[in-house]
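Please view the sequence and the model together while reading.

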Amino acid sequence: MTTVDGPVLPKLIGERVKRREDPRLIQGQATYVDDIKLPGMLHLAFKRSDIAHGIIQSIDTSAAEAMEGVELVITGAELAEHLGPMPIGTPFPAPDHYSVATDRVRYVGEPVAVVVAEDRYLARDAADAIEVEYEELPAVVDPEAAMEPGSTTLHEGFERNIAVESYWGGTGVNPETAQPEDDSAVDAAFAEADVVVTQRMLNQRLAPNAMEPRGVVAHYEPGREYLTVWSATQNPHILRTLVAALMGLGEHQVRAVAPEVGGGFGCKINIYGEEYAAAALSRLVKAPVKWIEDRTEAFLTTTHGRDLLGYIDLAAKSDGTITGLKARIIADIGAYEVLLTAMIPTLTGLMMNGVYRLPVVRHELTEVFTNKTPTDAYRGAGRPEGLYFLERAVDMLARELDMDPGEIRRKNFVPADEFPFATQGGLVYDSGNYEPCLDKALEVADWQGLLAERDAARAEGRIVGVGLAFYVEVCGLGPSAVVPTGGWEHSGVTVERGGKVTATTGASPHGQGNETTFAQMLADHFSIPLEDITILHGDTSVVKQGIGTFGSRSQAVGGAALISAAGKAGDKMKQFAAALMTDQEVSPEDLVFEDGRIQVEGAPEVSKTFAEVADFAYVPVPLPPGMEPGISEEAFFEPENNTYPFGCHISMVEMDRETGETKLLKLIAVDDCGNVINPLIVEGQVHGGLAQGIGQAMFEEVVYDEDGQPVTASFMDYVMPRAADLPTFELDRTVTTTPINPLGAKGVGEAGTIGSTPCVVNAAVDALSPFGVTHIEMPLRPERVWRLIQENGGQS
Amino acid sequence: MSEPVPITINVNGRRRSAMVEARLLLVHYLRENLNLTGTHVGCDTSQCGACTVLLDGRSTKSCTVFAVLADGSEVQTIEGLADGDELHPLQDGFWEEHGLQCGYCTPGMIMSAANLLQENPSPSEDEIREGISGNLCRCTGYQHIVNAIQHAAERMAQS
């Protein structure tokens with residue numbers, strides 16, 4: 001075969017390419033929102049409610065207004081003249097909710113007034129000088145009590161504080177009528193069951209705690225009638241849409257920018273009152289304004305996650321075959337519905353099918369208002385809750401029947417030849433092959449060895465347990481039919497003069513490494529060096545359209561849009577290349593990209609360099625017939641379905657008999673997220689997810705007292721995993737591709753969070769089972785563990 | 001409000017003088033007055049370590065130190081860690097081992113690790129995990145951070 005001079009470029013998809021984002025981040029050169037300074041910029045501080053529930057009687061702003069350097073002090077009622085109630089993104093009924101409370105406060109931290117001042121310290125001083133008087137109302141804290149007749153209601157028109165009620169059951173939802181089919185089958189299944197396990201479980205409230213708090217800079221330019229908003233957001237295009245709507249502007253008058261964003265985990269999807277208020281106040285005071293959240297404000301006002309109470313019943317035959325599931329779930333959604341609040345718990349029931357064939361299901365969901373911070377997505381968003389309930393129940397069933405936790409799962413798996421598989425809830429799992437994943441996890445963990453190790457430890461009087469959980473989750477959100485914002489993603493690919501490539505993506509990353517993985521894909525697509533590619537994101541004036549990053553969609557949806565746009569740009573490159581090679585009678589269909597050249601397949605001597613063709617595209621003399629100059633293409637990708645990655649997590653824990661402290665000794669995770677672009681980044685995503693899932697199992701919980709006062713409002717009180725709390729995770733993968741997108745990639749951002757939580761709690765229950773314990777609530781606080789040991793006489 | 005106080009701090013090898021409010025936090029002095037925005041604020045209670053700098057060579061959470069208390073001291077921030085264009089072995093380690101995702105905790109994490117490696121040039125995994133337990137990371141689960149610090153320790157031992 002003939003060769004030409006020049007480097008041979010390695011294929012990069014599937015390689016551990018180190019990240020292109022990192023040089024700026026490791027040298028302190030990145031620009032987060034708080035690093036933005038604009039000339040004449042003023043600072044905001046919010047006066048917030050210090051009670052959980054009350055009617056605002058008076059607000060005295062005189063002392064604040066008298067301070068030198070204070071530009072404006074405005075109450076919620078006054079701001080409401082400029083800003084209507086905040087939009088939500090779900091179809092459920094919702095009470096009005098203003099950026100700043102107008103007449104009544106419903107959770108501690110709800111803003112009641114705003115100060116605009118020259119300096120951040122001064123703004124805070126002035127906010128502290130505002131005096132607010134309230135008529136206090138009883139705080140509604142317990143969601144079950146909140147639903148009792150006669151309880152104090154938070155919102156007019158929402159009797160018994162119920163926001164959403166849904167019910168489906170029987171042998172499944174009839175897709176034609178959307179109605180439950182024959183519900184009596186559920187009662188029959190439980191009546192005929194050999195064994196039924198029943199458990200009330202709490203999937204407790206968590207604080208997402210991205211390390212970068214929220215922040216916003218808003219700059220309204222009256223002369224241009226144009227608003228620019230920089231925000232620590234996961235989805236600048238949604239921010240643009242919603243801020244424009246609330247400001248009475250068109251989207252053509254608003255630019256939203258997500259600069260470097262320091263983590264999101266779901267809590268930066270919502271568009272918050274502070275963002276709307278900043279935009280409106282910039283227009284009012286005719287100056288750029290900045291607001292940066294402090295950590296206590298984050299605990300009080302950034303959306304929380306989870307907080308679902310589940311009453312779970314599982315019916316089975318004595319051989320371990322599951323014959324029915326009943327789940328009654330109460331979601332404590334806090335004081336208001338924000339962007340996706342009401343939708344999140346609906347995912348819980350849908351995903352409670354897990355990896356099993358469930359003949360009959362009954363699912364009841366009630367979402368309840370309480371005087372707490374509103375909830376919304378938190379890593380996993382509905383799936384960790386559902387999989388926790390299910391995987392705990394299956395584990396209890398295994399214990400009841402004295403079956404191996406792996407084998408009871410294997411017995412009930414959806415078989416590989418039944419995919420695509422329609423669940424009782426109406427989902428269609430795209431692909432799956434669960435047994436090899438279970439086998440690999442058992443092998444990597446040396447399951448039998450672990451059991452022997454546990455038994456040996458017990459013989460020494462130690463309290464040791466092993467646990468296993470198998471999850472399936474839903475990723476790649478869309479499609480548009482199920483995502484209120486639209487479920488597509490957009491990408492643009494421009495081949496620049498000189499043969500360099502600039503691409504844009506609406507999947508706005510905040511740690512996911514899209515600048516690297518997307519460049520890897522383009523490098524392979526065009527066969528050009530990684531360094532010749534720039535990926536731009538996060539700025540609506542640069543990225544024409546987009547949805548954002550959530551629901552593990554960057555690769556599965558955003559990556560697919562990128563490949564589609566690259567395909568269009570590549571086709572045009574080939575047409576220009578063929579036009580440059582007319583003397584050789586080359587057809588564009590014969591051409592391929594190879595090592596920086598566009599060549600006839602198998603004949604590198606018949607070729608032009610990528611740069612030559614790019615240059616020709618911008619000075620096309622003569623212009624090939626029927627063509628426009630230049631190469632700048634774009635694509636939208638609308639997935640036809642979600643993707644359903646899965647995995648098996650195994651853990652080993654030990655508890656201290658004297659202190660009740662739990663130590664996680666081992667965690668093995670075998671995940672299947674389909675094809676992988678960059679294994680290094682996938683490992684990082686899994687590690688981080690595991691840590692958050694373990695955090696829920698062992699440490700984390702947002703706690704309110706009976707008056708609705710948060711008692712975990714700083715990192716001193718809210719415990720997150722630190723390095724010394726975690727073992728070295730052992731990871732492996734199986735690969736089951738998806739037909740839903742051309743990459744065969746399913747998504748991995750949330751996987752670790754979903755399997756690890758039930759896996760660790762299952763291990764904890766195993767450890768405590770010699771004491772007669774069949775369930776323990778999360779988190780595994782030492783005091784809770786110690787009590788369970790003591791209740792059983794401290795002896796196993 | 002109190003009268004401004006004169007301070008002189010050697011920051012990343014440069015002598016910097018200013019008149020500051022007595023209540024100005026060191027982290028705000030670095031970020032707002034000197035535009036050294038690589039040092040971040042992640043909490044306000046000294047729990048997260050995003051604001052960690054070296055104050056007279058010791059890792060210190062700059063959100064709980066007043067700028068006036070650093071008067072006459074030497075401060076090193078993430079911006080001062082590389083040797084010209086050559087990355088510090090820790091920066092290189094974090095890059096090589098994917099020791100960061102969103103990057104927000106990273107400067108503080110690297111400065112804490114720098115202090116750790118000064119005191120213990122070849123730490124065990126457990127010593128690394130203990131050594132960075134004053135710094136929270138929400139993205140990585142710490143495993144790649146541990147690898148990054150091991151990577152740096154090995155490179156520093158070779159040179």
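Which residues of H3(B) are buried? They are Thr106(B), Pro107(B), Gly108(B), Met109(B), Ile110(B), Met111(B), Ser112(B), Ala113(B), Ala114(B), Asn115(B), Leu116(B) and Leu117(B), where buried means under 20% relative accessible area with a 1.4 Å probe, protein chains only.

This is a predicted model, in which local features need pLDDT of at least 70, side-chain atom pairs count only at pLDDT 80 or more, and totals for chains, interfaces and linings use all residues. Residues are numbered from 1 along each chain as its sequence is written, chains are lettered from A and ligands numbered from 1 in the order in which they are written, and side-chain values use heavy atoms, with hydrogens and water left out.

**Helix H3(B)**
- Because twelve of its 14 residues are buried, H3(B) is largely enclosed by the rest of the structure.

**Extent of the interface**
- Contact (heavy atoms within 4.5 Å) links 49 residues of chain B with 55 residues of chain A.
- The two chains bury about 4600 Å² between them, 53% of it on carbon and sulfur atoms; this is the accessible area (1.4 Å probe) lost on being put together, summed over both.
- Trp95(B), Leu136(B) and Arg138(B) supply 20% of the area that chain B buries against chain A, more than any other three residues.

**Salt bridges**
- Seven salt bridges cross the interface of chain B and chain A, each a side-chain nitrogen of Lys or Arg within 4 Å of a carboxyl oxygen of Asp or Glu.
- Asp35(A) pairs in this way with Arg31(B), their closest N and O atoms being 2.7 Å apart.

How values were computed
Buried means under 20% relative accessible area, exposed over 50%, partly exposed in between (1.4 Å probe, protein chains only). Helices (H or I, at least four residues) and strands (E, at least two) are DSSP runs, numbered from the N terminus.
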